[in-house]
Amino acid sequence: MHDISYYDLRQVTGASTHIDIDNGVVESAGTSFFNKAVLRVLVKSGWGVLQIDNYTPCTGTKFDELLQQAARLANITDEPVRLGDVLHGILPVPPVKEDPRDVDIEEKSRLLAEIEAGVVREGIVNRRANYVERDERVRFLDSSGNEYEYRMGRSGFNVLAVASRNGNVQMGYEREHSIHGFNLRHQQEVGRKAAETAVSLLDAVLPKGGKMHAILDPELAGVFAHEAVGHASEGDLIHEGNSVLKGRTGERIGNENLTIVDDPTLPEFGFDPVDAEGVSVKRTEIIRKGVINAFLHNRESLASVGNGCAGHARAMPGEPPLVRMSNTFIQEGDATNEEIFSECKNGIYLVGSRGGQVDPGRGVFQFNAEYGYLVENGECTTMVRDVSLSGDILSTLHGITLCGNERKMSPGYCGKGGQSVPVSDGAPYILLCDAVVGGSGVD
Amino acid sequence: MRWWVAVAWIDDLIREAEKSVDEVEVFSVEGESVSAELKTTKVSLATTSRDCGLGIRTIHKGRIGSSSTNNKEEWRECLKAAIASGKLATPQEWGGLPGPSDLPMTPLAFDPDLTVEPATARELLETMLSGAQEHDAEVTAGSAGLSTTRVLLANSHGVRYSDEHTGVSVSLEAIHGQSTGYEFDSSWALDRIDPAHVGERAGFFASESAKGTDIPSGSYDLLLSPLAWAELLGNVFVPALNGRSVHAGRSKFAGMLGQPVASEGLSLYDDPHLPGAGGSTRWDAEGTPTRRIDFIEKGILRAFAYDLKTAYRYGRESTGSASRGGYGGLPGIGHHNLVVDGERGTLDDERVLSIHNLIGAHTANPLSGEFSVELSNAFFMEGGEYQEPVRSAMLSGNVFDLHHTIAGLGNDTRNLGSMILPSVRIHNQRIIGK
């Protein structure tokens, strides 16, 4: 018999529904079902983990056999693990206005088709819309007697417009995802917006890359916070020595006006009522007034690294939990948009996000805007496309000199270790001085 | 085959489905895997997983329905959901699922010596660690995994295909100061990966890149490693060969058959029967027998990829390109072993900026091909030797344009899983320095 010091079991069962409409044709629509569990067992030498598809809850000798099976696996491990002391507890899941499960799929399909039809206009050669809905029932228990159960749904849609003229092909993309219930009603405007972006981009120019002042809209500034700061503050990376923020708690990394937070308690797309290790969730100020303040942790990284809060363990159904972000944002400041544009004077204004990536050990990040405008004398002028930003974590944040007074969050998904989890990112408008802008335009 | 005895329920499912729909297809997966993970140089976690899943597709009067579950005992509910899903779909031109072909059922990517054992995973980690010791760098993380999967495809026209494949993968991350190195390898056969080399390369890139300096913005000749090139191909170029994107107006290659889309020396094809390659299979995810597809011959665009649905809709033939990400969802258009080839030569005699990897290639514009990415482990090379490393720089350009400025393909060949390709030298690309 192995000496088991801790175990936990997390089972997620549920259904996912999707509808895919392409140029007016319902390509596919329907519902699929899943049942996935992960059992983690801690012995002296490390973790043994069983991932079980189609798990049937069991007790007694049958469950003991699973525990022993996981414990035997840990024979090959050799890193003793300590778990940090944490608070347990669960928040109520925010109520939904209209439960998507109460709307029949024919109606969902009709509403999505209306949004997709909103894309139709001159210059648009292809349109596509898809709806996704996931309903998850999560059961958690651990060897300390903690037990939680909750049900949570997420649903939303994406709409894509493709415009083409003389071999120039451009796209407009909009997405709306929510934990607050069914969101397909009265959204035709979203399809029209995607179409307008795609058509406008046909006349946009490629900017010439280089160093310049950049104004980031709330969505892109949120991705900036996520890529440039969020990942590098994840406790598992700090523990491995794979983050430039390691050992820098208390160091100044930005101006007084910069505070960056991860908060799983916010009722946004990255909300978790309790984390994937049964730990109660908590707001964590990663950067407070420009100074590195706290890291994001699970129980293991809290014990080995310290300086931060547990409650940031998250997992896809059936996968072992990892330290992850939830709702990550730059705290609003007091600048008005007029002040931001006038302070920027000449530079570039960047809107929306096509995603990003970071190498946290090297401290280098890259992310891409959907489109933007040149800023000349404090005014937006020429529209630009295919523009990205890159930078060094340790030096770039000093360039944030102004933060706007209104924050907005945007939903998305974040990948790490082969797992994708729902998150939201947000910020106010920010001014980033001396940004390194990538674009393939030439003089 | 023995396994068929255990899945007699599939025949029950097909009989049940035929009462309500014209055709039905069943895709079933079962697998075991084991993986072990390093945190720094210690094995901290061992995982095994047992996966099972069932995907059902029904076709009735041109309406395609689908559902999936990982509880096979509940196939009746899953079938009901698939039939209900079909009622929502817009009907389309449909010429039927394929019937059975006389295909050999011996697996093409199966290693009988590969056992899914934790001890083997640990040995792989240890071999990587010993490789990494050759350089002055610290290991931050690593993983090794082994898997075996049994796949079964059946349909109401009598197709009963089964396949078994194995997989092994390793990866290692290392750091020196603020310089990181990452390398990986994967194959279907245990003796086709080189964990010591993976460790050595991760350590090499971390330690060598540490001496990097900044370079001025300007135009440079580039040497993209197979990995860096595959990032650009995979995110932009390959999706443009998808027949569905082509007909929907979402591909730059629409209307360009017979025209040059790359430099003259470049050919690109899918060879599903390539010996020793990981994506090899005799039938695709819909049961269509696979065959070689020559997409680009000496720079000229010759073909697009089709599955049954797209082929029937646009009056073409399936190219046997259907693939599935797993048991869930519908099959889509993919590829099996995508090979890039052409005349080879030495590329690093004259000074060139060599790029091992890219950060952010997935943010490229898949339609227009514009991209702007950060470099990882870039070096100047000359006379075949690594010289000054570059600390940090961006590369901006257009993936489609870039393929018209190819100066040559290297003598090396790397198998990256579903893509097999050499390194490539490209003229005059825009680098934004710091």
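# A tour of chains A and B

Start by selecting two helices of chain A: H2(A) passes H3(A) in a right-handed crossing. A crossing counts as right-handed if the near helix is turned clockwise from the far one by less than a right angle, and as left-handed if anticlockwise. Helices (H or I, at least four residues) and strands (E, at least two) are DSSP runs, numbered from the N terminus.

Before moving on, please note that this is a predicted model, in which local features need pLDDT of at least 70, side-chain atom pairs count only at pLDDT 80 or more, and totals for chains, interfaces and linings use all residues. Residues are numbered from 1 along each chain as its sequence is written, while chains are lettered from A and ligands numbered from 1 in the order in which they are written.

**Stop 1: the helix pair**

Two packed helices are described by the angle between their axes and the distance between the axes. Select residues 105–117 of chain A for H2 and residues 188–201 of chain A for H3: they pack at an angle of about 35 degrees, with their axes 7 Å apart. Here axes are lines fitted to C-alpha atoms, for helices over the stretch in contact, and angles run from 0 to 180 degrees between N-to-C directions.

Now show the side chains. From H2(A), A:Glu114, A:Ile115, A:Glu116 and A:Ala117 meet A:Gln188, A:Val190 and A:Gly191 of H3(A). Residues are in contact if their C-beta atoms, placed from the backbone, lie within 7 Å. This helix contact is made up of three nonpolar, two polar and two charged residues. Ala, Val, Leu, Ile, Met, Phe, Trp, Tyr, Cys and Pro count as nonpolar, Asp, Glu, Lys and Arg as charged, and the others, Gly among them, as polar.

**Stop 2: all of chain A**

Zoom out to chain A, and you will find eight helices and 25 strands. Its radius of gyration is 23 Å, close to the 22 Å that the globule rule gives for 443 residues, so chain A is as compact as a globular protein of that length.

**Stop 3**

Where they touch, domain 1 of chain A gives 40 residues and domain 2 of chain A gives 29. Among the elements that each supply at least two residues on the domain 1 side are strand E2 (25–43) and H3 of chain A. E2(A) has the largest share of that side, five residues.

**Stop 4: the two domains of chain B**

Switch to chain B, and select domain 1 (2–204) and domain 2 (213–434). How far apart are the centres of these domains of chain B, taken over C-alpha atoms? They are separated by 24 Å. In this contact, 31 residues of domain 1 of chain B meet 21 residues of domain 2 of chain B. On the domain 1 side, the largest share, four residues, comes from E2(B).

**Stop 5: where the chains touch**

Finally, show both chains: 69 residues of chain B are in contact with 67 residues of chain A. Which strand gives the most to the side of chain B that touches chain A? It is E2(B), with 12 residues. By class, that side of chain B holds 23 nonpolar, 33 polar and 13 charged residues.

Methods:
Two residues are in contact if their C-beta atoms, placed from the backbone, lie within 7 Å. The radius of gyration is taken over C-alpha atoms; the globule rule is 2.2 Å times the number of residues to the power 0.38. Domain bounds come from an automatic or database domain assignment.
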